[in-house]
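Here is a short tour of one structure, written for someone who likes to look at rings, strands and helices side by side. Keep the viewer open and follow along.

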Amino acid sequence: MTAFLLVPGTFTGGWIWDQVGELLGKSGSSAHAVTLTGLGASADPAGADTDLTTHIKDLVRIIDGLDPAETEVVLVGHDYGILPVLGAAALRPDRVTRIVNVDAGLPREGEPALVIEPDQAVREQAVSLASDPSDGPGSRVVRPPSAEEWRQRAGSADLSAEAVEELARRAVPQPADTLVQPLPPLGAAAHIPVAGVLCSGNGSSIELVESLVGMGEPRVMTLTRPGVTLFELPTGHWPMLSAPAALADVLRRAAAGEGHHVSAEAAGSPAHLGPFLLDVPPRERERDGRVDLYFPDAEGPRPAVVLVHGGPVPPDARPTPRDWPTFVGYAGYLASRGAVGVTLDHRLHGLGDYAAAAADLARAIERVRADPRVDGERVALWFFSAGSLLCADWLGAPPAWLRCVAATYPVLSPLPNWPGTGGRFDPVQAVWTAGPLPFVLSRVEKERAEIDATVAEFLHAAEGTDLRLEVIPVPDARHGFEAVDHTDPARRAVERAVRTVLGHLEE
C-alpha cells in the first residue's frame with residue numbers, strides 16, 4: 001500500500017490537504033495530512049521556538065510509526081514543506097520511496113527556506129525576528145497574511161473567495177527559526193526519485209524549466225537527473241484548494257513513476273546560440289570590461305543603443321550573452337544603420353540578482369555616455385526577456401538623455417513565484433511616472449502564457465499614462481525568436497523595431 005505524507009507550507013496545517021487526502025483514501029492509498037509543530041489550530045507562543053530540525057523530527061516520527069504494510073512511502077511537500085520533507089528523507093532514505101515537490105522551489109543543502117520564499121515582507125520579518133536575541137523564542141513568529149494579503153499573494157488569483165477566507169481564518173503564525181535554519185546535508189536522499197508539480201498559474205511550466213536547462217542553470221539542471229519527472233497543472237500556488245481532484249490524480253501518477261522527464265542531452269545545442277535571423281556583415285568591436293561597443297562608419301558623436309540581455313544566466317556560462325549571436329547581430333545591425341551598438345554582460349545570475357544587474361547596467365551606461373564618439377544626450381535602452389524588469393529603474397524617472405526604451409519578448413512584471421524586490425523592478429508600477437517616453441514593445445505571438453500575462457498587465461497599466469507606446473507584433477514567433485524563427489515576418493519585425501528606435505534617437 002502507498003502512504004502519502006502531505007506536508008503543508010508556511011502558516012498552514014494539515015487541514016489544507018483535507019480534500020486531497022480524502023480523494024487519495026478513496027483510491028486505496030493512505031493519506032496522512034501533517035500539521036507541523038507550532039502550526040496547529042491551537043498554536044501558542046510556547047510552541048513558537050521550533051525550527052526546521054523540529055519539523056524534520058515531526059516527519060521522522062510519523063514515518064517510523066507507519067504500518068509496515070505501507071511499503072510505498074511518498075513524502076509530499078508544498079511550499080516551505082519541501083524542506084522538512086527533504087530533511088526527513090535524508091534520515092530515512094531506505095523507507096521513503098519518492099519525494100513530490102508541489103510548486104515549491106529547489107532548495108539546496110545549506111540553504112534556508114527563505115531562498116524559496118517569494119514574499120519579501122516575510123523574508124525580512126523572519127530574518128529580523130530570528131536575529132534579535134532580545135526577543136524570547138515565543139515572540140519570534142512571523143504573522144500570517146490577512147485576507148486581503150492572501151488575495152494578493154503570488155499564485156492566489158484562481159482561489160475562490162471561500163478559500164481565501166478559510167486561509168485567513170485558519171492560518172497561524174510561522175516560527176521564524178523554521179525559515180532561517182539551513183537545510184541539513186541530504187546524503188542518500190539526493191538519490192530518491194522525485195516528482196515536481198509545476199503550477200502554471202504561479203509562473204512555472206515544463207517549457208520554462210526546459211528553457212532554463214538549455215541555458216545550463218545549475219539549480220534547474222538537477223531536474224535532468226534520472227528518477228526526476230515533472231507534471232504541470234493549469235492552476236495557481238494552492239492546487240490542493242483550487243484543483244484537489246487534479247492534484248490527487250497527479251500524486252497517484254507520481255507515486256507510480258509517471259511524468260515528463262527533462263533530458264539535457266535531448267535539448268541538443270542551446271536555442272539561444274542559433275544564428276541571428278538577419279544577414280549582418282561581421283563588424284569590429286571594442287571591449288571594455290563588461291561592455292562591448294560596435295561603432296558605425298560615420299563621423300562625429302553618434303547616438304547609442306544599449307542592449308540588455310535577460311536571464312538568469314549562470315556565472316560560468318560560455319559564451320557569455322554579449323557573445324551570443326542574437327546580441328552580436330543586433331549590435332552590428334544597429335552600427336550598420338548609424339548608431340553605436342552596445343552589449344554588456346551583467347550579473348543576473350539568479351532571480352535575486354536584479355540589484356547587482358541594475359548596478360552593472362548603470363555603470364555601462366555611464367561608460368558609454370562618457371565616450372567622445374557617443375552622443376551622450378541621445379541614448380536608447382533595449383531590454384530582452386527577463387532583463388526587461390531592469391527597465392523599471394528608467395521608467396520611474398527617465399533622464400533627459402534617455403530618448404527611447406525598447407523591450408523584446410519582455411517579462412514586464414515579476415512572475416508570481418519569483419523573489420520579491422520591494423517593487424523596484426516592476427515596470428507595471430513604474431510606468432505611471434514614465435511620462436511621454438517612447439516605448440517600443442516587440443510582442444511575439446507564441447509567447448509563454450505566464451510571460452505574456454505580464455505584457456498584458458503592462459499594456460493595461462499604460463493605457464492611463466502618457467507613455468508613447470508602440471507595439472510591434474511578431475507573428476508566429478516564439479520567445480528568443482531571432483535565433484530560432486527565421487521567417488520573413490520575424491525579420492520585418494526586427495527591422496521595424498530597429499527603425500523605430502533609431503527614429504526616436506533622431507527626434
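## Aromatic pairs

Trp-382 and Phe-384 are both buried. In this predicted model, their ring centres lie 5.9 Å apart and their planes meet at 10 degrees, so the two rings count as stacked, a label that applies under 30 degrees. These two residues also belong to a cluster joined by ring pairs, whose members are Phe-276, Trp-324, Phe-327, Tyr-330, Trp-382, Phe-384, Tyr-409 and Phe-481.

Across the model, the count of aromatic pairs comes to 13. One of them is formed by Phe-11 and Trp-150, with 6.3 Å from centre to centre and 90 degrees between the planes, an edge-to-face arrangement. Here the partners come from distant parts of the chain, 139 residues apart: Phe-11 sits in the loop between β1 (2-7) and α1 (18-26), while Trp-150 belongs to helix α5 (residues 147-152). Phe-11 is buried, and Trp-150 is buried too.

Is strand β7 (residues 194-199) enclosed or open to the outside? Buried residues make up 6 of its 6 positions, so the strand is largely enclosed by the rest of the structure. Val-194, Gly-196 and Leu-198 point one way from β7, and Ala-195, Val-197 and Cys-199 point the other way; all are buried.

Now look at the strands on which β7 pairs. With strand β4 (residues 96-102), β7 pairs in the parallel sense over 4 bridges. Ile-99 stands opposite Val-194 in β7, and Val-100 stands opposite Ala-195 in β7. With strand β8 (residues 228-233), the pairing is again parallel, over 6 bridges. There, Leu-198 has Glu-232 of β8 as its bridge partner.

## Helix against helix

Helix α1 also packs against helix α11 (residues 244-255), at an angle of about 50 degrees and with axes 9 Å apart. That angle makes α1 oblique to α11, and the crossing of the two is right-handed. On the α1 side the contact is made by Gln-19, Val-20, Leu-23 and Leu-24. On the α11 side the residues are Pro-244, Ala-245, Leu-247, Ala-248, Leu-251 and Arg-252.

Helix α2 has a helix partner as well: α3 (residues 82-91) packs with α2 at about 55 degrees, with axes 8 Å apart. The two are therefore oblique to each other, and their crossing is right-handed. From α2, the residues at this contact are Leu-52, His-55, Ile-56, Leu-59, Val-60 and Ile-63. They meet Leu-83, Pro-84, Val-85, Gly-87, Ala-88 and Leu-91 in α3.

## A closer look at Leu-402

Finally, pick out Leu-402, a residue of strand β14 (residues 402-408). Why does Leu-402 count as buried? Its relative accessibility is 4%, and buried means under 20%, so Leu-402 falls on the buried side of the cut-off.

Which residues surround Leu-402, leaving aside its neighbours within four places in sequence? Leu-402 is in contact with Val-379, Ala-380, Leu-381, Trp-394 and Leu-437.

Key
Residues are numbered from 1 along each chain as its sequence is written. This is a predicted model: local features need pLDDT of at least 70, side-chain atom pairs count only at pLDDT 80 or more; totals for chains, interfaces and linings use all residues. Side-chain values use heavy atoms; hydrogens and water are left out. Rings of Phe, Tyr and Trp (its six-membered ring) pair if their centres lie within 6.5 Å; planes under 30 degrees apart count as stacked, over 60 as edge-to-face and the rest as tilted. Buried means under 20% relative accessible area, exposed over 50%, partly exposed in between (1.4 Å probe, protein chains only). Two strands pair if DSSP finds at least two bridges between them. Axes are lines fitted to C-alpha atoms, for helices over the stretch in contact, and angles run from 0 to 180 degrees between N-to-C directions. Angles under 35 degrees count as roughly parallel, over 145 as roughly antiparallel, 65 to 115 as roughly perpendicular and the rest as oblique. A crossing is left-handed if the near helix is turned anticlockwise from the far one by less than a right angle, and right-handed if clockwise. Contact means heavy atoms within 4.5 Å.
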